Structure formats: structure tokens, C-alpha cells
Amino acid sequence: MSDLAANDARHMARALELARKGVYSTHPNPRVGCVIVRDGETVGEGWHVQAGGPHAEVHALRQAGDRARGATAYVTLEPCSHHGRTPPCADALVAAGVARVVVAMQDPNPQVAGQGLERLRQAGIAVTCPLLATEARALNPGFLKRMEHGQPYIRVKLAMSLDGRTAMASGESQWITGPAARSAVQRLRAQSSAVLTGADSVIADGARMTVRAAELGLDAETVELATRRTPLRILIDGRLRVPLDAPFFQAGPALVVTCADAAAHPQYAQGGHELLSLRGDDGQVDLPKLSIELARRGINEVLVEAGASLAGAFAKQGLVDEYQLFIAAKFMGSTARPLLDWPLERMSEAAPLQIIEMTAVGDDWRVIAVPAPNLAPQPATAPTKRV
């Protein structure tokens, strides 16, 4: 590897590190970092903090000032070329006089999609793309899936015993795992655009599905970022069984997805909640249509925290992108409830998974697994825009 290539990789790695700071706060925008280097010295750094605020390139250019002229800018996503809530970053880089721009990956947003790179080239700026694209894609699975497939990235979180049980026969499930695992789940909620659960879980556990700042296990500055934005809380309640005075509804506005006639229940709107009717042909909530609708609303990442029935429905319909399994060192017995309600008769029907991470979390274990490539989701509808 040449010295230039090594330096490019090192500076881009730093830009990716900066981008990760936005894991909790950039929704619905992607997480982006930028580093500006002149004569081997880093003169500016920035990352996108939240939608409507300056993008990463603007923060870095402001820090660099006049030293940006003739410098190289390293950006984890193609600079935008359109006017949203902020002016185009490609124009800002041109105006600052940078000589070269290194980009991790092209932006799949159709409002950008190579136009930002072309604008830089037309201005006489040398452009290198891609660099560390795999790492850059890993930063924004939800934004990329929404732009490329018209669906959000769906994670299913499950807590289970070593014998694969998630609740006692009575429905009792608190607490299977320990405090460290529960803290990890709170961080998953905080980074998600939406948190989704079902009526059974809300009724059995009195769940609120909120982000609890005290349990995040983060430093004060990051906690402030993580709680600045409240994830959309979604309840799947096909027959409207959860009463409006339940703790879930008292915790703030929610989206309730049902098979009932939404117009016939105005009391939900009176309580600040939205009722969305999506009845499928099988008489259940149409989850694929819900996925498309959430993407249309700008939802990047959905965390599903539900019982075996609803989690199994997402799995059976091929809607799950990632499983987050928290495993406790205990047996709950053969009468306890299974991990997923997904009856399979033959080994040939088994759904193959790829384990991508396995780590200890306190006294428990965390396994992150994704469906095998042959179960990849199919493209859906047109994406929504970056702002």
C-alpha cells in the first residue's frame, strides 16, 4: 500500500469514528463524519449531529476556516447536492477551495446519487470514491435500506433462557436477563427510529417502550444526545385490546396499527395517538405494508420487542434484517413459551442464519445474527428523501 493510500485509509477511519457519534441523533438522516487535512495536518473535523442542523462537512469546514483551501476532505458519504433544510455540502466544499475529496461511498438517495461527486469534479476538485465502503455501509443500515429498497431495517430483539424460552406459561417474563443486557437494550431503543411491540406484551408486562436515560450506561453528553429525540412507539393491536389508560398510552403519543376501522375510534386522536388500519388478507395486520409505510414516513431502523407470536410473524414473512438475542444462563423449563411462534415440520424448512457477533454482556450473552443471503429482502417502493 502506498503512503497516500495508507494516509487516506487512516483519515477515513477517523471520519467513520466521528460519524458513529451520531448513532443516536441523526434520524432520519444518515450518520456522516468529515475530516479535513492539509499538508498532513488535520485542520477540521465534524459530524452530523441532527436533522435540520449543519452536515458533517459544514462543521469540519467551519473548524478549518481558511486552512481548508488546498486541503483534502474525507467524507463517509457523498456530499449532498440538493437543497433540503440545509444548503448543498458539495457547494460548500467548492466554495472553501478544497483540492481533493475522498468519499467512502456514493449516496443512494436519488436526490444525490452521484450528482454531488459530479459537481465536485466539474469544479476541478479531484475525487476518490469509494474507500472503506463496507465500514461506511455498516454505519447506516436503515438509511441505506430505505433508500435502496423502500423499507426500514428491522431488528428483532429477543431475550431467552439457555433452553430457548422467553416467558413462563403464565406470560411472566420479567426479568430473564440482567442489568447489563437491559442497558444494552435501552441503547438499541435509543438508536432506533421506531420501537415496535404487540398487544400481548403491553398487556402482560405493562410495557411503556420508552428510552430510560438512567439505564443507558452512557456518559452525560451522549445521554443528552440519545434522549434528545424520542423514537416513534408503535403498537400492533389488531383488535384494539389495549385500553387507553394503559401505561403504554400514558407514556406519550404512539402509532397504533390495527385491523379495525380507524375512523370509528376518534378517542385515539384525542389522546394524541394515531390509529392506522392495515388489515391483511389473513385478517391480521399487514406487516409488509406497514414496513413500506414506515419507510415512506422516513423511518430508518425499527426495533421489534415483542412476544413469540408477533416476532414469529415478522420472521415468517421475511421482514427481519437482524436478530439481537440476549441469552441468560438459566433454564425455564419445557412448559415455558418458545422464542418464536414459527412452526416448522422438516429440517429443510429451517431458516439459516449467520452469526456475526457473540459477546458477553454482564452475566448474559448477546448474539447478533442475520438471515442468510438467500433470504435477502426484495425491493419495495420508492424511498423518501434525506433532509
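In this predicted model, D39 is exposed, with a relative accessible area of 78%. The residue lies in the loop between β1 and β2, and its phi is positive, about 55°, although D39 is not a glycine. A second residue with a backbone of this kind is L132, a residue other than glycine for which phi is near 55°. L132 lies in the loop between β5 and α5 and is partly exposed, since its relative accessible area of 25% falls between the limits of 20% for buried and 50% for exposed residues. The loop between β5 (126-128) and α5 (133-139) also holds P130, which is joined to C129 by a cis peptide bond with omega at about 5°. Another cis peptide bond, with omega of about 0°, joins H27 and P28, and P28 is placed in the loop between α1 (3-19) and β1. These features deserve mention because most residues other than glycine have a negative phi, and most peptide bonds are trans.

At the level of the whole chain, the secondary structure comprises 13 helices and 16 strands. The radius of gyration of 23 Å agrees with the value near 21 Å that a compact globule of 387 residues would have, and the C-alpha atoms fill a box of roughly 70 × 45 × 45 Å along the principal axes. Of the 387 residues, 52% count as buried, while the accessible surface amounts to about 17,400 Å², with 51% of it belonging to carbon and sulfur atoms. Among contacts with a separation of 6 or more, 71% are made by residues 24 or more positions apart.

Helix α2 (residues 56-64) contributes A56, E57, V58, A60, L61 and A64 as buried residues. The elements that cover these buried residues include the strands β1 (33-38), β2 (41-47) and β3 (72-75), together with helix α3 (89-96). The helix α2 is followed by G65, a residue with a positive phi near 60°.

By class, the lining of the largest cavity consists of 4 nonpolar, 10 polar and 3 charged residues. The residues concerned are P152, I154, L196, L287, L290, S291, L294, V302 and F314, and the largest share of them, 4 residues, is supplied by helix α12 (residues 287-296).

A further position described here is E215, found in the loop between α8 (199-205) and α9 (220-228). E215 is partly exposed, with a relative accessible area of 31%. When residues up to four places away in sequence are left aside, E215 touches R182, S183 and Q186. The C-alpha atoms of E215 and A180 are 8.9 Å apart in space, with the two residues separated by 35 residues in sequence.

Note on methods
Residues numbered from 1 in each chain as written. Predicted model: local features only at pLDDT ≥ 70, side-chain atom pairs only at ≥ 80, totals over all residues. Heavy atoms only, no water. Buried < 20%, exposed > 50% of the residue type's maximum accessible area, 1.4 Å probe, protein only. Helix = DSSP H or I, 4+ residues; strand = E, 2+ residues; numbered from the N terminus. Contact = heavy atoms within 4.5 Å. Nonpolar A, V, L, I, M, F, W, Y, C, P; charged D, E, K, R; others polar. 1 Å grid on protein atoms, 1.4 Å probe; cavity = no way out; pocket = protein on both sides within 12 Å on 5 of 7 lines; lining within 4 Å. Rg over C-alpha atoms; globule rule 2.2 N^0.38 Å. Areas by Shrake-Rupley, 256 points an atom, 1.4 Å probe, with all protein chains shown as cover.
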